[in-house]
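Colleague: Please put the model on the screen, and then I will ask about it piece by piece.

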Amino acid sequence: MKYSILSVTAAITLLSLMPISSTFGFMMVPSAASVVSSTRCFGTVTLVPEPEGGDEIDAVVPMINSRMKNMGQKLDETDKESGLPIYSFWLTSEADGAYVKEIRTKVLKDASKNANFPGFRKGQIPPYAQPQMTGFAIQESIIKTCESAVDAFGLKSLPGSAGSVEVLEDVKEMSAGYKQGASLQFTATFKAMVDPEKQPSKEEEVVEEADVVEADVVEAVVVEEVAEEAAVVEEEAADDTQTSE
């Protein structure tokens, strides 16, 4: 999965030469959906509405606060190398707050090695550039979360720009009101393939179903045994009462 993003070093160099109003130093894929209203809000960022339709897919490996839908294949699009069909996917997930904090610390450390802002000593990151540092950290965290989601849901990313991800929320808006340590919910769309090697085998599915059935049977037996024991206790109590009378 690939994103259009400048390295931190290159971005810091550009920031030191640009006016205060310059952007984060990376390019998000333009999103027409970003102007659509929504009713779900996380922190200071309003999530773009979930698209209608599509098929909800199950994660191969559990991933907290994440959902994904297969929005279908367009014009029978397939991968030339593997021959696998290419689908469009919608994802909602959460960038972990602790990871955002960790990345921001690393970004600041790396940035200070190359920072040379006019009016500030070499290696110092001025206050007006701090939101950009937060933006880099959020962007990187979202990237890693999307990569994890591709694996967790049993998909295979596309090479080059074909595998780019469109984050539907405004990262600048996210960073503007961001509180250190907070996790960030976001939505994104991308194209990918279903990886046959990551899908559970039929044998595994049968075993899982059998485990569920067995668990239900065990639970039913336990409930029945408890009920029988309770009935015996009541009967013995009733006998004791009659004897005492």
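Modeller: A contact means that heavy atoms lie within 4.5 Å. This is a predicted model: local features need pLDDT of at least 70, side-chain atom pairs count only at pLDDT 80 or more, and totals for chains, interfaces and linings use all residues. Residues are numbered from 1 along each chain as its sequence is written, and side-chain values use heavy atoms, leaving out hydrogens and water.

Colleague: Among contacts between residues at least 6 apart in sequence, what share joins residues at least 24 apart?
Modeller: The count takes in contacts in the protein chain between residues at least 6 apart in sequence. Of these, the share joining residues at least 24 apart is 70%.

Colleague: What percentage of the 245 residues counts as buried?
Modeller: Buried means under 20% relative accessible area, with over 50% called exposed and partly exposed in between (1.4 Å probe, protein chains only). Of the 245 residues of the chain, the buried share is 32%.

Colleague: Why is strand β8 described as largely enclosed?
Modeller: Strand β8 covers residues 184-194. It is largely enclosed by the rest of the structure because, of its eleven residues, the number buried is eight.

Colleague: Over how many bridges do β5 and β8 pair?
Modeller: Two strands pair if DSSP finds at least two bridges between them. Strand β5 (residues 87-95) is also largely enclosed, because seven of its nine residues are buried. In β8, Phe 186 is the bridge partner of Ser 93, and Ala 192 is that of Tyr 87. β5 and β8 run in the antiparallel sense, and their bridges number nine.

Colleague: Is Thr 134 buried or exposed?
Modeller: Thr 134 is found in helix α3 (residues 130-152). Not counting residues up to four places away in sequence, Thr 134 touches Arg 104, Ser 175, Tyr 178 and Gln 180. Because its relative accessibility is 6%, Thr 134 counts as buried.

Colleague: How much space lies in the largest pocket?
Modeller: On a 1 Å grid over the protein atoms alone, a pocket is an open set of points with protein on both sides within 12 Å along at least five of seven lines. Grid points are joined across faces, edges and corners, and a volume is the space filled by probe spheres set on the points. For the largest pocket, that space is about 270 Å³.

Conventions. Helices (H or I, at least four residues) and strands (E, at least two) are DSSP runs, numbered from the N terminus. On a 1 Å grid over the protein atoms alone, a cavity is a set of points where a 1.4 Å probe fits but cannot get out, and a pocket is an open set with protein on both sides within 12 Å along at least five of seven lines; lining residues have an atom within 4 Å of a point.
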